[in-house]
Amino acid sequence: MGSNGSRDVLHKSPYPLPFHHLIESFRALPGIGIKTATRLAFHLLKAPETDVTQLSRLLSELRESLVLCPQCQNIMDRDTGRDWCTICSDPARDPGTVMVVEDVQTLYSIERTGEFRGRYHVLLGRLSPLEGIGPEALRVRELLERTGSGEIHEMILATSPTVEGESTALYLARLFKPLGVKVSRIAFGIPVGLELEFVDDITLIRSVEARRPM
Ligand SMILES: [Zn+2]
């Protein structure tokens, strides 16, 4: 049965309307199907009042409790009293090496590895002429300001290996190299643990191009 089938079953179901709306809200979240959505709704129905109140408060205050770091555009707690996010405020992190990413989610994916000790710059998007997204729609001006202050000497372009991500990286490389910034692009290659025979041609070519001496 497809998702439309499931939806019909739900509409004919005896759930009261507020409960039905809660299930539908869960279903709208990524990776949540009808069974999980229903299970979550029933879980909340039985959960202690304080837990439900806390969850509801966190959700309703989420947007206003977060602001963007004026330096790197990472999300930060509005109430810390700090000017910048925890990464930009960390004196142990190299301010001269900046990893440029498309979105905050990517920043946290890299941060999770614990391997990168520089700082970030979040573009909040990527170039897409077809959708009318030009450089002025991205946080490029802020990156130019950071470079202009002489703070950045190395830039690692970590935009996605898509057409838009590649053209964004190319645009930034052309813009920042003449300013004396050492610009590099992250390598794209074969997932660890995957047999080579299963790798697509473009990924294989990219991995050969990004080879390193041993
Ligand atoms: Zn920051």
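**Helix crossing, salt bridges and a surface patch**

Visitor: Which hand does the crossing of α7 and α8 have?

Guide: The α7/α8 crossing is right-handed. In this scheme a crossing is right-handed if the near helix is turned clockwise from the far one by less than a right angle, and left-handed if anticlockwise.

Visitor: What sort of model am I looking at?

Guide: It's a predicted model, where local features need pLDDT of at least 70 and side-chain atom pairs count only at pLDDT 80 or more, while totals for chains, interfaces and linings use all residues. Residues are numbered from 1 along each chain as its sequence is written, and side-chain values use heavy atoms, leaving out hydrogens and water.

Visitor: Back to those helices. At what angle do the axes of α7 and α8 cross?

Guide: Roughly 30°, with the axes of α7 (residues 140-148) and α8 (residues 163-176) coming within 12 Å. That makes α7 roughly parallel to α8. The axes are lines fitted to C-alpha atoms, for helices over the stretch in contact, with angles from 0 to 180 degrees between N-to-C directions. Under 35 degrees counts as roughly parallel, over 145 as roughly antiparallel, 65 to 115 as roughly perpendicular, and the rest as oblique.

Visitor: Switching to charges. How many salt bridges does a search of the whole structure find?

Guide: 12 of them. A salt bridge is a side-chain nitrogen of Lys or Arg within 4 Å of a carboxyl oxygen of Asp or Glu.

Visitor: What does arginine 93 meet in a salt bridge?

Guide: The side chain of glutamate 111, at 2.6 Å, N to O. Arginine 93 is in the loop between α5 (86-89) and β3 (97-101) and glutamate 111 is in helix α6 (residues 104-113), so the pair ties together parts 18 residues apart in sequence.

Visitor: Is arginine 93 buried or exposed?

Guide: Buried, with a relative accessible area of 3%. Buried means under 20% relative accessible area, exposed over 50%, and partly exposed in between (1.4 Å probe, protein chains only).

Visitor: How far apart in space are arginine 93 and arginine 117?

Guide: 5.2 Å, C-alpha to C-alpha, although they are 24 residues apart in sequence.

Visitor: And what does arginine 126 meet in a salt bridge?

Guide: Glutamate 102, side chain to side chain, at 3.3 Å, N to O. Arginine 126 lies in the loop between β4 (119-122) and α7 and glutamate 102 in the loop between β3 and α6, so this pair ties together parts 24 residues apart in sequence. Glutamate 102 is buried at 7%, whereas arginine 126 is partly exposed at 29%.

Visitor: Where does arginine 185 come in?

Guide: Arginine 185 is in strand β6 (residues 182-185), paired with glutamate 166 in helix α8, 19 residues apart. Their side chains meet in a salt bridge at 3.4 Å, N to O. The relative accessible area of arginine 185 is 26%, which means partly exposed, and glutamate 166 is partly exposed at 26%. Arginine 185 also has its C-alpha 5.6 Å from that of isoleucine 156, 29 residues apart along the chain. Isoleucine 156 is in strand β5 (residues 154-157) and counts as buried at 16%.

Visitor: Which residues are linked in a network of salt bridges?

Guide: Arg139, Arg141, Glu142 and Glu145.

Visitor: New topic. Which residues make the nonpolar surface patch?

Guide: Leu62, Leu66, Leu68, Ile75, Tyr108 and Leu124, making about 460 Å². Patch residues have over 30% relative accessible area and no salt bridge; like charges are joined within 9 Å, and nonpolar side chains (Val, Leu, Ile, Met, Phe, Trp, Tyr) within 5 Å. Areas come from the Shrake-Rupley method with a 1.4 Å probe, and for residues only the protein chains shown count as cover. Isoleucine 75 sits in strand β2 (residues 75-77) and is partly exposed at 34%.

Visitor: Where is leucine 124 found?

Guide: In the loop between β4 and α7, partly exposed at 35%. Leucine 124 has a positive phi, near 60°. Most residues other than glycine have a negative phi.

Visitor: What is the phi of glutamine 73?

Guide: About 70°, positive although glutamine 73 is not a glycine. Glutamine 73 is in the loop between β1 (66-68) and β2, and counts as buried at 2%.

How values were computed
Helices (H or I, at least four residues) and strands (E, at least two) are DSSP runs, numbered from the N terminus.
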